[in-house]
Amino acid sequence: MPDHGELALQSCADALGLGAVAWPGDPGPAFLAAALLKLGSDRQRDRAVSALERWLHGLREVRGTALFGGLTGYVAGLAVAAEAHEPLRPLLSRLSGRLADFGAGRPWRATDVTFADYDLAVGPSGSLLALRAAGAGMERLGPYVDHLSALCLSPGLASLRVTGYPADSALGWCHGRVNTSLAHGVSGIAVALASVGTAPGSPHPVGPALERAQGFLLSQLVDDSTGLPTWPRAGRLPGEPRPCPDDLRQSWCYGSPGVAWSLWETARVTGDAEAESSALRVFAAFCDRFDEEIYLLGPSLGDDLGICHGAAGLCAIADAFWRHARLPQARALRDRLLPGLARRLPELLGPAATEPAATLLNGAAGPALVLLTAADLIPRRWLTCIGLR
């Protein structure tokens, strides 16, 4: 098995074997199990099936449809696990239908929105991506596509100005503004709609909405206090001066890497050469300036190594930019990150870990899956749920 595959595969098994942890609604355990079912020994495959059974017991506990913590997490997980374990297909079909039916009720707000009304992590953007991964027919996706498109078509993206986050709360900086990020902002909507825009025979034209989202992201691009081209976490209000952000977080969740990927995916559908070149320029600049001492010093192991804010997320984006855009700087960054990710992965399985090991965004699942994916040992379908491919 090439590169770091053996270590990553054993880490998948170890993460699933670390006791009865809180997994409900997180797709990570299903992705790990699928990897073991494809590549593992008989003993590891038995562990994978047992872990899937435990994971499915959590269906009784979930409330809501979030990708991380709800029904969408089960649809995303089953979309991958059913490829390796045929008996899961009927359940995937039932849960996909339930999620599509939920969207048909158009339960989301179109003004005064919160993250749950639109985003990737807990809202309909994540559900749309999961349903695409599950192979749902385009006719079932219409309510999701139409809602997200309408938000982007509002003048100045005004319908995406989030509310409900008081000034003294952790998200007070976002109140009344349009979030830019891949996890919680317009970038997540863009990758979800772009996944539909490339579907053969789609009856839902998403080009106009993507052009609006793309234009907004281009208008918000700035240089931070170090000179790196990036995006502030939330867009400026009309009449505000162009900011010079001093928040150095650059990750899958916020900042140059995730937003640049979203902009590039959008340009793939709209055919906008300026957006495409801007996305490549921004990510190439990040790769050229990358410094572990600046960008991988989070407050916890999960922040350092995980997908959301850490090395696994950066590595996954770099791998995607190399595979699909053939950006040489992206390949160089991916190859620079992989050894450190492999070396430190065992820390996420030990006593210093701050997240349950099998969770995707901040646990060991993310780094293990990224290592296996970069080595071409497992299919890339699981990446859909984090907006990549």
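Predicted model: local features only at pLDDT ≥ 70, side-chain atom pairs only at ≥ 80, totals over all residues.
Start with helix α9, which runs over residues 207-220. Its 14 residues reach 20 Å from the first C-alpha to the last, close to the 20 Å expected at 1.5 Å a residue. Which residues of α9 are buried? They are Ala209, Leu210, Ala213, Gln214, Phe216, Leu217 and Gln220. If you look down the axis of α9, these buried residues fall within an arc of 160°, so they line one face of the helix. The elements covering them include the helices α7 (138-153), α8, α10 and α11 (273-289), along with β1 (222-223) and β2 (229-230).

Now move on to α10, a helix of 15 residues. It reaches 20 Å from end to end, counted between its first and last C-alpha, close to the 21 Å expected. This helix is mostly covered, with 12 of its 15 residues buried. Among them are Trp261, Trp264 and Glu265. Their cover includes α8, α9, β2, α11 and α14 (311-325). After α10 comes Gly271, which has a positive phi, near 75°.

Finally, find the second largest pocket, with a volume of about 210 Å³. It is lined by 12 residues, and Leu129, Arg132, Ser195, Thr384 and Arg389 lie nearest its centre. Helices α6 (124-133), α8 (186-197) and α10 (256-270) each give two or more residues to this lining. The most come from α6, which gives three. What kinds of residues make up the lining? Four are nonpolar, four are polar and four are charged.

Definitions and conventions
Residues numbered from 1 in each chain as written. Heavy atoms only, no water. 1 Å grid on protein atoms, 1.4 Å probe; cavity = no way out; pocket = protein on both sides within 12 Å on 5 of 7 lines; lining within 4 Å. Points joined across faces, edges and corners; volume = space filled by probe spheres on them. Helix = DSSP H or I, 4+ residues; strand = E, 2+ residues; numbered from the N terminus. Nonpolar A, V, L, I, M, F, W, Y, C, P; charged D, E, K, R; others polar. Expected span 1.5 Å × (residues − 1). Buried < 20%, exposed > 50% of the residue type's maximum accessible area, 1.4 Å probe, protein only. Arc of directions from axis to C-beta. Contact = heavy atoms within 4.5 Å.
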